[in-house]
There are 2 protein chains.
Amino acid sequence: MPPSPSGGLTIGDLADRTGLAVSAIRFYETHGILHPLRNAGGHRRYGRADIRRLSFVMIAQSMGFGLSDIAGYMVDLPAHRAPSKADWTRISDDFRKKIDARIAHLQNLRDRLDGCIGCGCLSLETCALHNPADEAAKGGAGPRALRTG
Amino acid sequence: MPPSPSGGLTIGDLADRTGLAVSAIRFYETHGILHPLRNAGGHRRYGRADIRRLSFVMIAQSMGFGLSDIAGYMVDLPAHRAPSKADWTRISDDFRKKIDARIAHLQNLRDRLDGCIGCGCLSLETCALHNPADEAAKGGAGPRALRTG
DNA sequence: CTAATTTCTCAAGTTCACTTTAGATCAAGA
DNA sequence: TCTTGATCTAAAGTGAACTTGAGAAATTAG
């Protein structure tokens, strides 16, 4: 199986390479994450760099970024080429900050959880386990899920 | 401002104490997380333990649990009393495992991110940064957000 | 060439965690 | 008492991230 006759990868190829559903790949396109070319028949044709872009998406998602954030990073990446080292360094610096913050939040939570059990107070409100001054509690409709921290 | 004339807290009191919206508190009730009593006029009356229950919900959410998971834990807690030390220990043991797993996932991610930048390969696919064998990629419709890890 | 597979578009459905709206009722302060 | 303000219910809307379905056109295997 050569990488598809002429031109690049089909959407199915890309799905196979990335493990994503075809529908998801199309969906990402509507959100400005991919910009495939079209062949004579109107079918999407992807380049090798698009595998990387989708890997990037998946990693960023598992780090807690939403698609719109990710699309924002994507704008800074070259559309059809592999990212330069500078591109990548800039983005990954940002990533590292977010990851570190997230880890710190969880460790904090775990440590305070230990303290609570140790002292047996069980009073979550006074136990400082729950810090209302967190960056939560701001946002409109929609899921709040883990934007926090 | 006494804790409300007779009986317990109103839904507004509870909202003030927890920082949650009134609508959210009602919503949680429909999901079996709270079971308030009603006064003569049909208004909800909450007890002091419900503040704790909601704190619990907020903490668990910030750890990545969904409401249905949380409701599951809630079933094991006494409905209108404060949880016993045994109750809490059992639950928090579970929590700790999840938190640790989450932290490990993120640290792993961060370390591999470093490696990728160090070697300059940028090839996320071959860089092992992205491990497709993760527990992701399974699920029907709905948000995938951070269930991973 | 034909049949089977893939892809196309567009609209609508799904889950989660809520919020918003509307109209009615209850409670509390002046 | 009257008039705000809080609460009530029920239904519909929101945003994120996709999936599913329908019908049509393109591609590929045999």
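Modeller: A residue counts as buried when its relative accessible area is under 20%, as exposed when it is over 50%, and as partly exposed in between (1.4 Å probe, protein chains only). The model is predicted: local features need pLDDT of at least 70, side-chain atom pairs count only at pLDDT 80 or more, and totals for chains, interfaces and linings use all residues. Residues are numbered from 1 along each chain as its sequence is written, chains are lettered from A and ligands numbered from 1 in the order in which they are written, and side-chain values use heavy atoms, with hydrogens and water left out.

Colleague: Why is Arg110(A) called partly exposed?

Modeller: The relative accessible area of Arg110(A) is 22%. Because this value lies between 20% and 50%, Arg110(A) is partly exposed.

Colleague: What makes the pairing of Asp100(B) and Arg110(A) a salt bridge?

Modeller: The term requires a side-chain nitrogen of Lys or Arg within 4 Å of a carboxyl oxygen of Asp or Glu. For Asp100(B) and Arg110(A) the N to O distance is 2.5 Å, so the pair meets the limit. The pair also crosses between chains, since Asp100(B) belongs to helix α5 (residues 85–119) of chain B and Arg110(A) to helix α5 (residues 85–119) of chain A. Helices here are DSSP runs of H or I with at least four residues, strands are runs of E with at least two, and both are numbered from the N terminus. Asp100(B), at 30% relative accessibility, is likewise partly exposed.

Colleague: How many salt bridges does the whole structure contain?

Modeller: The search over all chains finds eight. One of them joins the side chains of Arg38(A) and Glu29(A) at 3.8 Å, N to O, and another joins Arg38(B) and Glu29(B), also at 3.8 Å. In chain A, Glu29(A), Arg38(A) and Arg44(A) are linked in a network of such bridges. In general, side chains of opposite charge can pair when their charged atoms come close.

Colleague: How do you know that the buried residues of α2(A) line one face of the helix?

Modeller: The buried residues of α2(A) are Ala24(A), Ile25(A), Tyr28(A) and Glu29(A). Seen down the helix axis, they fall within an arc of 145°, and therefore they line one face; the arc is that of the directions from the helix axis to the C-beta atoms. The face turned away from this buried side carries the exposed residues Ser23(A) and Thr30(A). Among the elements that cover the buried residues are α1, β1 (37–38) and α4 (67–76) of chain A.

Colleague: Why are α1(A) and α2(A) described as roughly perpendicular?

Modeller: Their axes come within 9 Å and cross at roughly 105°. This makes α1(A) roughly perpendicular to α2(A), because angles of 65 to 115 degrees carry that label, while those under 35 count as roughly parallel, those over 145 as roughly antiparallel and the rest as oblique. The axes are lines fitted to C-alpha atoms, for helices over the stretch in contact, and angles run from 0 to 180 degrees between N-to-C directions.

Colleague: What makes Ile25(B) a buried residue, and which residues does it contact?

Modeller: The relative accessibility of Ile25(B) is 0%, so Ile25(B) counts as buried. Ile25(B) lies in helix α2 of chain B. Leaving aside neighbours within four places in sequence, Ile25(B) is in contact (heavy atoms within 4.5 Å) with residues including Ile11(B), Leu14(B), Ala15(B) and Thr18(B). These four are the buried residues of helix α1 (residues 11–18) of chain B, and because they fall within an arc of 100°, they line one face of that helix. The buried residues of α1(B) pack against α2 (22–30), β2 (44–45) and α3 (48–62) of chain B.

Colleague: Why is Ala60(A) called buried, and what does it touch?

Modeller: Ala60(A), in helix α3 of chain A, has 0% relative accessibility and therefore counts as buried. Not counting residues up to four places away in sequence, Ala60(A) touches Phe65(A), Ile70(A) and Phe95(A). Over chain A as a whole, buried residues make up 42% of the 149 residues.
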